[in-house]
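Here are a few notes to go with your first look at this one. Have the structure open while you read.

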Amino acid sequence: MTMVETAVAPDMPGSAIPDAPVAVEVRDLHKSFGQLDVIKGVSMTAREGDVVSIIGSSGSGKSTFLRCINLLEIPTSGRVSVGGEEIRMKRDRHGQPVPADWRQVERIRTSLGMVFQSFNLWSHLTVLQNLIEVPVHVLKTPRAEAIERAEALLARVGLADKRHVYPAFLSGGQQQRAAIARALAIQPKVMLFDEPTSALDPELVGEVLKVIRDLADERRTMILVTHEMKFAREVSDQVIFLHKGLVEEEGHPGEMFRNPRSERLRQFLASTQ
Amino acid sequence: MDEILALLALEPPGWGGNLLRGLVSSLEIAFGAYFLGLVIGIGGACGKLWGGETTKAVLDLYTTIVRAVPELVLILILYFAGTDLINLILDYFGREPIDISGLVAGIAVLGVVQGAYSTEVVRGAIQTIPAGQIEAARAYGMSPWLRLRRIILPAMLPFAIPGLGNLWLNATKDTAILAVVGFAELTLETRQAAGSTKRYFLFYIAAGLLYLMVTLVSTYVIGRIEARVRRGLPRHG
Ligand SMILES: Nc1ncnc2c1ncn2[C@@H]1O[C@H](COP(=O)(O)OP(=O)(O)O)[C@@H](O)[C@H]1O
Ligand SMILES: [Mg+2]
């Protein structure tokens, strides 16, 4: 980490390996809901191996930005590329932007492992079934292979003994660890986290952060929306501070947290102490 | 007592065989109509939830009419108007009129009625699924069809089973209405047996017991199915 700090100019967004291939690229993204402009021109580059944290107060557009990357929200304008492939857009007959090819979107989505604030495990499937659902039915992985990989992942997140349990019978922390394992099971290029610990009781936050930290340590590409400032500071290569749909400040966490340049970030950090 | 057993004997001159054949016909229609209704219901629910303006308007009209008009009237309309319409169409294309089999007509007519109620049950159940689960399916690259088949339909089942169970019980009883169009189901067979022997009380009690038996078996089976599909839900709520 110290090597990285010296390698990156203080006012430039950080990157773990500066010339690694670009994993996710967002250019001049705008998103409005009707009259409400939520994202007003945001760009981001995440290189392979990067952990990019997105911070900002509630309502600043963090979730919307993240959801535009896998087209859960359709951007009003701007460009999104994953693994060098740009998501092609067109306009429908009302002039609204829509994906030119939903198949392309579906294919790209299988390389983005999304983890939701409220877990969103499938309630009619056991933990193991949740993990093999997408590999078997979308990615066409042979079932035996999918099960083998799923069991290894469950062991890794400490849920080996829960594989035949339905999600409703797990604690929040266990559900979120299962949801992270479900995301890993598709062998994604990039992991997307939307406040993965915000719905958890405080005593369950640690077990989930530990799993995410392990992923950061093994240099997985991750884009992480979080309220856990200490955690963001420790694991991120790059931090983006969103304010009212714009990047107010971005850079290497060490720099940003030590001496924020904008008054807003200063206030925000003070309020989260 | 001997006389009663003789009247209910399976072989003629006993009428038991006729009653059982009527029961089998009733169950055949009920099964057919129920599954036709279920298919219509799933399609109708999807149309109401995700269809365009026109689709929604047509489906609203369909479910409103079926629920507003008494079933007997509706079945008479569908049965006679339906067969007339088909023969009219055949005539238009220069074909001979056909005699539509009572079984097919019965299933079609009751199925259309069942479909309207199924549409509402399935739609309500789908709306009860936590939205995040469907969103997760989208986020993981499932196509709309895969989402429906693998996530939405199985996840809505626990919420739909009570309503769908009632619809099955309705389907078994609604078959009796087909007696008015001369279909030889249980009620019509019973009427014939009772009319020929003048033992009205005996035969209607016998038929009533058969219907009760169907309901009891159905209730048991529905209970088992419900327990099975609710495995993933917490015990309360
Ligand atoms: N589907 C939606 N329809 C309308 N407004 C929305 C929708 N999603 C988010 N918003 C609005 O966009 C703004 C940003 O929301 P969000 O991205 O969830 O913020 P954050 O995740 O930073 O708390 C909020 O004002 C929110 O009300
Ligand atoms: Mg949010």
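1. Which polar backbone atom is 2.9 Å from an oxygen atom of ligand 1? That atom belongs to Lys62(A). Before going on, keep in mind that this is a predicted model, where local features need pLDDT of at least 70, side-chain atom pairs count only at pLDDT 80 or more, and totals for chains, interfaces and linings use all residues. Residues are numbered from 1 along each chain as its sequence is written, chains are lettered from A and ligands numbered from 1 in the order written, and side-chain values use heavy atoms, leaving out hydrogens and water.

2. Two other spots by the ligand are worth a click. Gly61(A) has a backbone N or O atom 3.0 Å from an oxygen atom of ligand 1. With Thr64(A), a polar side-chain atom lies 2.5 Å from a ligand oxygen. On its own, ligand 1 exposes 560 Å², and the protein buries 59% of that (Shrake-Rupley areas, 1.4 Å probe).

3. Now the shell around ligand 1, meaning residues with a heavy atom within 4 Å of it. Among its members are Phe33(A), Leu36(A), Val38(A) and Ser57(A). Helices here are DSSP runs (H or I) of at least four residues, and strands (E) of at least two, numbered from the N terminus.

4. Next, the largest nonpolar core, which has 80 residues. Such a core is a set of buried Ala, Val, Leu, Ile, Met, Phe, Trp, Tyr and Cys residues joined through side-chain atoms within 4.5 Å, where buried means under 20% relative accessible area (1.4 Å probe, protein chains only). Helix α7 (202–217) of chain A gives the most to this core, with eight residues. Met44(A) is among the residues with the most contacts inside it. Leaving aside residues up to four places away in sequence, Met44(A) touches residues including Phe65(A), Ile69(A) and Ile223(A) (contact: heavy atoms within 4.5 Å).

5. Last, Ser26(B), found in helix α2 (16–50) of chain B. Ser26(B) is buried, at a relative accessible area of 2%.

Definitions and conventions: A polar contact is a pair of N or O atoms within 3.5 Å; within protein, one must be able to donate a hydrogen and the other to accept it, and residues adjacent in sequence count only if both atoms are side-chain atoms. Buried means under 20% relative accessible area, exposed over 50%, partly exposed in between (1.4 Å probe, protein chains only).
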